[in-house]
Amino acid sequence: MGSLGAVLKHPDDLFPLLKLKRAMKHAEKQIPPEPHWGFCYSMLHKVSRSFALVIQQLDTNLRNAVCIFYLVLRALDTVEDDTSIAADVKVPILIAFHRHIYDREWHFACGEKDYKVLMDQFHHVSTAFLELGESFQEAIEDITKRMGAGMAKFILKEVETIDDYDEYCHYVAGLVGLGLSKLFHASGTEDLLSDDLSNSMGLFLQKTNIIRDYLEDINEIPKSRMFWPRQIWSKYVIKLEDLKYEENSEKAVQCLNDMVTNALMHVEDCLIYMAALRDPAIFRFCAIPQVMAIGTLALCYNNIEVFRGVVKMRRGLTAKVIDQTKTIADVYGAFFDFSCILKSKVDMNDPNAEKTRSRLNAIQKTCRDSGLLNQRKSYVVKSNPRYNTAFIVMLIIILSVIFAYLSAKRTN
Ligand code: D61
Ligand code: MG
């Protein structure tokens with residue numbers, strides 16, 4: 001459904017969408033003049049739409065450190081994700097990557113499109129990295145070293161058990177959480193938050209991605225990318241790829257619901273982590289991706305489309321999340337609302353229905369016990385119909401005026 005159709009169906013998306021458009025334009029204008037910082041920020045906008053905007057609203061000092069942290073790890077991940085590189089070439093690079101970020105001469109050609117440009121001109125990232133403060137450099141190098149070693153381990157090892165799954169997600173996303181908590185603390189604005197809570201922030205985001213991207217990953221050329229743990233999918237099918245075949249639809253959706261139920265385990269920690277943050281810009285930077293994740297899980301749950309194409313939140317809802325996520329009350333509200341949506345989709349014949357419902361009840365209880373639920377706008381309560389008709393009438397009047405004006409101009 002085109003964007004106009006989506007806006008007509010969800011008129012209260014319009015203003016947040018316009019604000020998002022303006023914010024993106026504004027962010028793109030903020031590109032620093034120095035060539036290497038210019039390259040880093042324009043690359044950030046190209047390789048990560050979702051994180052670029054939330055990184056841009058951080059204070060300068062921290063923003064530069066988080067921008068470089070992102071690009072260094074995205075480059076490391078580009079080596080990991082390039083399934084055309086042989087393991088005996090890839091593994092040594094992943095393990096030594098933490099040393100390469102200090103070497104302006106180091107380059108390794110791999111990846112596609114913008115990711116390839118990031119690799120080919122990686123010297124700009126190293127130059128900027130070497131300009132960061134000592135404590136920022138130390139945190140970034142430490143996490144790069146541990147993530148590279150973890151990625152190398154799983155190049156040669158399959159994700160078998162749920163513990164393997166948590167370990168893999170720790171290496172590629174949990175460690176990002178640990179690193180960010182160190183950068184927040186080094187910037188002097190936040191206390192150092194615990195590794196466990198920081199790890200959960202990463203696991204919730206990564207598991208949501210792994211669930212949403214099932215089809216894209218299993219169809220990856222030349223080699224499938226498989227992150228769903230055998231301990232879960234082997235309860236439903238013989239091979240992981242069997243989930244995408246029509247005849248296995250019922251089993252596939254049950255397996256999907258099992259994976260979503262597993263990801264919900266991290267929500268409590270994430271809410272505690274976000275409630276502990278003091279700086280409003282850091283709060284928004286951490287909270288917006290989390291609200292996007294619970295919204296995406298609510299969309300994926302019990303949804304066969306996950307095995308037919310990539311399921312994504314509509315742009316209007318993304319704009320609303322970015323526009324409306326400012327305080328912890330907004331976060332409790334969003335997690336409560338999306339938990340309601342998820343709960344309304346639980347089919348009592350689903351093998352995990354009880355476990356899913358009890359995890360959702362726990363999340364909703366935490367949100368209610370915050371005592372902040374009534375101070376927010378809702379993601380589920382439909383905007384009032386009177387407002388919609390008024391809006392549509394307004395739109396038609398504006399369009400007809402524009403039309404009349406254009407046709408008048410043409411005849412003159
Ligand atoms: C607070 C705020 C943001 C947080 C956080 C806490 C904790 C963790 C994360 C962000 C990371 C979440 C990762 C979820 C998306 N998954 C990926 O990007 C996978 O690659 C993982 C390895 C590279 C991580 C790069 C990264 C991502 C976000 C950052 C960051 C670094 C640094 C600072 C801020 C945010 C996924 O990649 C998909 C792709 O290639 O596009 C994969 O390969 O599995
Ligand atoms: Mg990867």
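To start, how many cavities of 30 Å³ or more does the count come to?

Author: Happy to take you through it, with the reminder that this is a predicted model. The count comes to two cavities of 30 Å³ or more. Let us look at the second largest cavity, which has a volume of about 30 Å³. Its lining is made up of Glu158, Val159, Met226, Trp228, Trp233 and Leu240. As background, rolling a probe the size of a water molecule over the atoms shows where empty space is left.

The peptide bond that joins Ile221 to Pro222 is cis, with omega at about -5°. In general, most peptide bonds are trans, and most residues other than glycine have a negative phi.

One is Lys113, whose phi is near 45° although the residue is not glycine. Lys113 sits in helix H7, which covers residues 113-120. With a relative accessible area of 70%, Lys113 is exposed. The other is Asn302, again not a glycine, with a positive phi of about 60°. Asn302 belongs to the loop that links helix H16 (280-300) and helix H17 (315-324). Its relative accessibility is 31%, so Asn302 counts as partly exposed.

Finally, here is the setting for these details. The protein has 20 helices and zero strands. Along the principal axes, its C-alpha trace spans about 65 × 60 × 45 Å. The radius of gyration is 23 Å, which agrees with the value near 22 Å that a compact globule of 412 residues would have. Of those 412 residues, 51% are buried. If we take contacts between residues at least 6 apart in sequence, 74% of them join residues at least 24 apart.

Key
Residues numbered from 1 in each chain as written. Chains lettered and ligands numbered in written order. Predicted model: local features only at pLDDT ≥ 70, side-chain atom pairs only at ≥ 80, totals over all residues. Heavy atoms only, no water. 1 Å grid on protein atoms, 1.4 Å probe; cavity = no way out; pocket = protein on both sides within 12 Å on 5 of 7 lines; lining within 4 Å. Points joined across faces, edges and corners; volume = space filled by probe spheres on them. Helix = DSSP H or I, 4+ residues; strand = E, 2+ residues; numbered from the N terminus. Rg over C-alpha atoms; globule rule 2.2 N^0.38 Å. Buried < 20%, exposed > 50% of the residue type's maximum accessible area, 1.4 Å probe, protein only. Contact = heavy atoms within 4.5 Å.
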